[in-house]
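Have the structure open as you read.

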Amino acid sequence: DSLLSSLSSVANEVIKSGSGIGFNTPFTDPASPLCPLFQYFKSKTIEPGSSLLIAHDRAFVPLGALVLANTLASSRGQAKRHRVDVQCFFTDPMLRGNGVGSLLLAQAEAFARSLSPKVTHLTLDARSTQTSAISLYEQAGFKVWGTLEDYAIAPDGNSYRGYYFVKRIRGQRLMPALLFPRTKKADASFWQPSLNAISPRNETVILLHGFPDTRETFSLLAPYLRSNGFDVLVPSLPGYAPLRSSSFAPNSLEPYTLTRLKTSLFAYIRDNCDGQRVHVVGHDWGSVI
């Protein structure tokens, strides 16, 4: 309950900032168990089909939270069992831009997939004034499927347009497409092209996965590094999905030798990092290379 009290206080700051989360007026004692905010979060810990994900630091100070809802455990709503809905999503106003939202959203996607193989979609919504949240959703691969003019009514009577988003989380690449677009240049080898952009730090981090993994190993780390100002390149190593059936796959064994892999990696760095300082992080077989 102490964590929920602290979370309610953070949510109250979100309301004060004008970001909403369903309440127009801040509460005088948000940490109290009698406060509607506290009761709302408490109900989501015991309500069937609801899940409360809380981001916190090592001292268990809440940084943000996200509420998910599904009908998998209900005898009703069978037509909606393929989707999980984000009902509430916020971060501490003082921490926006530090990657907390990206990490929470990535964790929500992973959690939704873990619920059932039948879950294929993640949905959420936002009002038009929540521009930072909308930008985050679009970068994470969510698409607008509908709008509502009178989505939210402010205390002064003004109404705000709302946007409804959906993302398919099964049957396609799991990482947001914006994080790993094709490079503007032809690749120097058969490495899968990744991101090529100018970062605030002018530094690039290259993440090399191991065996028997794929680049999805870094699905949580990559957006965190990008939120901290780094360019992030996450190639698929030769012989691993999706390269096994692509035109990048070599036709002989020689390109898989360690010497050739190192040479092609240097070429990949040369053609994709544009003179930036480069940090290479490897896991398992990636660290050998």
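This is a predicted model, and the salt-bridge count comes to 7.

| Salt bridge | N to O distance |
|---|---|
| Lysine 42 – aspartate 1 | 2.8 Å |
| Arginine 83 – aspartate 85 | 2.9 Å |
| Glutamate 109 – lysine 167 | 2.9 Å |

Glutamate 109 sits in helix α3 and lysine 167 in strand β6, so their bridge ties together parts 58 residues apart in sequence. Are these two partners buried or exposed? Glutamate 109 is buried, at 7% relative accessible area, and lysine 167 is buried too, at 3%. The pair also belongs to a salt-bridge network that links Glu109, Arg113 and Lys167.

Lysine 42 is partly exposed at 32%, while aspartate 1 is exposed at 57%. Arginine 83 is partly exposed, with 28%.

Back to α3. This helix has 16 residues and spans 23 Å from first to last C-alpha, close to the expected 22 Å. Its buried residues include Val100, Leu104, Glu109 and Arg113. Among the elements covering the buried residues are β1, β4, α4 and β6.

By class, the lining has 9 nonpolar, 3 polar and no charged residues; Leu53, Val100, Gln107 and Tyr224 are among them.

Terms used:
Residues numbered from 1 in each chain as written. Predicted model: local features only at pLDDT ≥ 70, side-chain atom pairs only at ≥ 80, totals over all residues. Heavy atoms only, no water. 1 Å grid on protein atoms, 1.4 Å probe; cavity = no way out; pocket = protein on both sides within 12 Å on 5 of 7 lines; lining within 4 Å. Nonpolar A, V, L, I, M, F, W, Y, C, P; charged D, E, K, R; others polar. Helix = DSSP H or I, 4+ residues; strand = E, 2+ residues; numbered from the N terminus. Expected span 1.5 Å × (residues − 1). Buried < 20%, exposed > 50% of the residue type's maximum accessible area, 1.4 Å probe, protein only. Contact = heavy atoms within 4.5 Å. Salt bridge = Lys/Arg side-chain N within 4 Å of Asp/Glu carboxyl O.
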